[in-house]
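Here are my notes for you as you look through this one.

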Amino acid sequence: MIRIVIAEDQRMLLGALGSLLDLEEDMEVVGKARNGEEALTLVKEHQPDICIMDIEMPLKSGLDAAEELKDDPCKVIILTTFARAGYFERARRAEVKGYLLKDSPSEELANSIRVIMDGRHVYAPELVDIAYGDGNENPLTEREKQVINLIAEGKNTKEIASELYLTNGTVRNYVSIILDKLNVSNRIEAISRFKEKGWFK
């Protein structure tokens, strides 16, 4: 019997996933979590074979929890709405065994669990295209990354100039280059695009 913990902050989806997997003759859902913290507690308590995790959850995200379970025998499957290269890259670094999208057919999830239990990996094909396709390399230089990180911290031009020992004019030039490279029109959009791509470390 494959023992499973599910972590999902949308209660209806959590219930539906649990019911679907319990219908499988070789699977048993032993715990349901509403966030990453609960997921870690349930994995410790029940020592399941598989933990299925959403990414964006309160208290601790699925990726944060997956990173903490990297050396645990429990195999992590990310099940998310977000086909983002940055998320996928983090998931791979955390050595998750599967990364599936929520709009996949339900029987695909059960099949993927069996494949993963056999020691293989399962990644949604869209993610592989996104991760290895064009346009997902971070276009910013190290200095430009420093500038956007400081912008994200809420610092203004003068504060950034002071922290990086640059003139205000040089910082404005960097901001202009960053907006151009990210194809956005202001600082808020730049932060949003950078976050969406999963480039903030």
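Predicted model: local features only at pLDDT ≥ 70, side-chain atom pairs only at ≥ 80, totals over all residues.

1. E95 is partly exposed, because its relative accessibility of 43% falls between the 20% and 50% cut-offs. You will find E95 in the loop between α4 (85-93) and β5 (98-101). Its backbone deserves a look too: the phi of E95 is positive, near 60°, although the residue is not glycine. Most residues other than glycine have a negative phi.

2. N183 is the other residue I would check for phi. Here too the value is positive and near 60° in a residue other than glycine. N183 follows α9 and sits in the loop between α9 and α10. With a relative accessibility of 66%, N183 counts as exposed.

3. Helix α9 itself covers residues 168-182, which makes 15 residues. From first C-alpha to last, α9 reaches 21 Å, close to the 21 Å expected at 1.5 Å a residue. Which residues of α9 are buried? They are V171, V175, I178, L179 and L182. Viewed down the helix axis, these buried residues fall within an arc of 95°, so they line one face of α9. As background, an α-helix has 3.6 residues a turn, so residues three or four places apart point the same way.

4. What covers that buried face? Among the elements over the buried residues of α9 are α7 (142-152), α8 (157-164) and α10 (187-196). The α7 and α9 axes are 10 Å apart and the helices pack at an angle of about 95°, so the two are roughly perpendicular. On the α7 side the contact involves R143, E144, V147, I148 and I151. These meet Y174, V175, I177, I178, K181 and L182 of α9.

5. Helix α7 also meets α10. Their axes come within 10 Å and cross at roughly 110°, and α7 and α10 are therefore roughly perpendicular as well. K145, I148, I151 and A152 supply the α7 side of this contact, while R187, A190, I191 and F194 supply the α10 side.

6. Turning to charged pairs, a search of the whole structure finds twelve salt bridges. One of them joins E24 and R114, with the closest N and O atoms 2.6 Å apart. E24 lies in the loop between α1 (11-22) and β2 (27-33) and R114 in helix α5 (residues 106-117), so this pair ties together parts that are 90 residues apart in sequence. E24 is partly exposed at 26% relative accessibility, and R114 is partly exposed at 27%.

7. R114 has a further partner in D26, where the closest N and O atoms are 2.8 Å apart. This pair also links distant parts of the chain, 88 residues apart, from the loop between α1 and β2 to helix α5. D26 is partly exposed, with a relative accessible area of 28%.

8. Finally, is K60 buried or exposed? K60 is buried, because its relative accessible area is 15%, under the 20% cut-off. Its side chain meets that of E68 in a salt bridge of 2.6 Å, N to O. Elsewhere, salt bridges that share partners join E8, D54 and K102 into one network.

Notes
Residues numbered from 1 in each chain as written. Heavy atoms only, no water. Salt bridge = Lys/Arg side-chain N within 4 Å of Asp/Glu carboxyl O. Helix = DSSP H or I, 4+ residues; strand = E, 2+ residues; numbered from the N terminus. Buried < 20%, exposed > 50% of the residue type's maximum accessible area, 1.4 Å probe, protein only. Expected span 1.5 Å × (residues − 1). Arc of directions from axis to C-beta. Contact = heavy atoms within 4.5 Å. Axes fitted to C-alpha atoms, helices over the stretch in contact; angles between N-to-C directions. Parallel < 35°, antiparallel > 145°, perpendicular 65-115°, else oblique.
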